[in-house]
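Me: I have a protein chain to look at. Can we go through it step by step?

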Amino acid sequence: MSQHSETTYATVPLPAGFPADVAMPRFVIDLGQRFADAGYELALVGGPVRDMFLGSDVTDLDFTTDAKPAAIQQILTGWAHAQWDIGAAFGTIGARYGDWIVEITTYRDEKYDPDSRKPEVIFGTELVEDLRRRDFTVNAMALRLPDFELVDPFGGVKALVAGVLETPGTPEQSFSDDPLRMMRAARFAAQLGVTVSPEVAEAMKDMASRMVIISSERVREELVKLMISPKPRRGLELLVASGLADIVLPELPALRDAQDDAHRHKDVYDHSMQVMENAIEREADYVDSPNFVLRFAALMHDIGKPKTRRFEAGGKVSFRHHDVVGAKMVAKRMRELRFDKDTIKAVARLVELHMRFYGYGDGEWSDSAVRRYVTDAGDLLPHLHALTRSDVTTQNKRKARRLAAAYDDLETRIEQLAEEEELAAIRPDLDGQQIMEILGIKPGPLVGRAYKFLLERRLDDGPSDFAASKQALLDWWAQQPEAQE
């Protein structure tokens with residue numbers, strides 16, 4: 001969201017327990033008065049109220065009202081710079097005022113039929129009843145407008161002070177109404193640093209199987225929000241402990257199956273969590289932060305290990321090709337969660353490449369190997385840098401220093417070669433048109449084969465002039481069956 005530089009702010013006093021005062025966009029006060037003048041209630045609700053109490057910046061403005069959608073639209077006409085129907089059947093109208101986007105929802109009650117993915121929505125008339133149907137008490141608070149009167153019937157402020165996640169009613173009823181709230185509990189643990197109450201934790205275990213009725217898209221959105229939270233490990237561990245991960249992300253708890261009783265190798269589950277946390281610490285040095293692609297690749301980089309674990313002679317354990325197997329597994333899981341193709345491709349590629357660096361610390365890479373490392377990573381090279389460095393979790397300080405120094409050297413080599421060769425865009429020294437002219441062939445698979453040969457030559461030997469490249473192409477062509485026809 002933009003900084004809303006043209007928005008006029010007013011300082012408003014908040015109830016006891018909140019910051020002494022807060023700068024609120026003046027249009028919020030005006031909007032509350034507009035609804036009051038039309039004979040309706042309007043309240044700022046949920047996340048914005050919670051965030052104000054925590055002293056966090058308020059970036060989203062969600063309102064609730066006793067006005068029905070048609071009345072909301074009428075009140076907004078002449079005030080909003082634009083408005084649209086987000087879902088009138090669900091009671092929500094969206095509007096834009098300057099750079100701000102607001103959502104206004106009619107008081108409502110909603111619940112899921114046990115076998116349905118779609119909630120049944122019934123409009124309500126009372127603010128307290130609307131708050132009662134919300135997920136957690138920390139989100140079941142409202143500030144009536146335009147006077148900013150706190151409505152907190154279920155102890156949301158008390159829960160925030162205690163750092164505990166509770167439900168307005170029973171957890172069983174809340175999670176039955178919308179099972180996604182169980183994942184949301186994990187997300188809030190990661191986002192707000194709260195713990196779930198014993199009752200909530202028990203209900204999550206008992207009702208985890210209800211998640212099967214929730215659409216993959218909704219699960220995906222909660223997972224992304226969890227992963228880009230400040231402390232995703234807290235939420236992920238809650239998903240695993242509750243059994244929810246067995247349904248929505250089974251590859252994660254399966255990492256515990258890669259451990260053996262004799263402890264002949266590191267705990268893969270704990271290692272994966274640590275790599276993710278390392279990546280979070282490093283991400284700002286390499287990529288935009290928070291970065292879902294890097295964090296999720298770090299979490300999932302070893303998911304191929306349970307399937308590839310082998311006990312070798314002498315008691316050693318191997319995980320041959322776990323990188324390739326893991327890449328296929330993470331792509332499959334992300335497709336089932338309806339991620340877009342680019343995100344799937346990026347995460348899977350990082351999982352596939354996360355072992356490329358190892359071995360470099362025992363000897364200097366050739367220029368050819370450095371070129372291939374850069375070319376195979378492509379635009380993901382910064383992500384791969386962060387992931388590879390984060391994958392070092394050894395307690396052996398000497399080994400850790402050696403690997404860090406080796407990667408420092410690799411990055412230096414990449415920079416040096418990049419200055420000489422423009423590594424980020426390595427291409428053969430001849431293009432497709434030149435290949436066809438030199439060989440006297442038409443467009444088709446042969447051109448692709450010749451192009452691939454020249455690219456391999458470029459990666460191995462570096463750039464060369466036209467004459468040398470032409471001769472190499474002709475020598476290659478002379479060995480092809482098609483040249484003899």
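Me: What share of the contacts with a separation of 6 or more joins residues 24 or more positions apart in the protein chain?
Reply: The model is predicted, so local features need pLDDT of at least 70, side-chain atom pairs need 80 or more, and totals for chains, interfaces and linings use all residues. Residues are numbered from 1 along each chain as its sequence is written, and side-chain values use heavy atoms, without hydrogens or water. Contact means heavy atoms within 4.5 Å. For residues 24 or more positions apart, the share is 64%.

Me: What percentage of the 485 residues is buried?
Reply: Buried means under 20% relative accessible area, exposed over 50%, and partly exposed in between (1.4 Å probe, protein chains only). By that cut-off, the buried part of the protein chain is 50%.

Me: Is D51 buried or exposed?
Reply: D51 sits in helix α2, residues 47-54. Helices are DSSP runs of H or I with at least four residues, numbered from the N terminus. The relative accessibility of D51 is 17%, so D51 counts as buried.

Me: Which side chain makes a polar contact with the side chain of D51?
Reply: A polar contact is a pair of N or O atoms within 3.5 Å; within protein, one must be able to donate a hydrogen and the other to accept it, and residues adjacent in sequence count only if both atoms are side-chain atoms. Beyond four places away in sequence, D51 touches S56, D57 and V58. The polar contact, at 3.2 Å, is with the side chain of R50.

Notes
Helix = DSSP H or I, 4+ residues; strand = E, 2+ residues; numbered from the N terminus.
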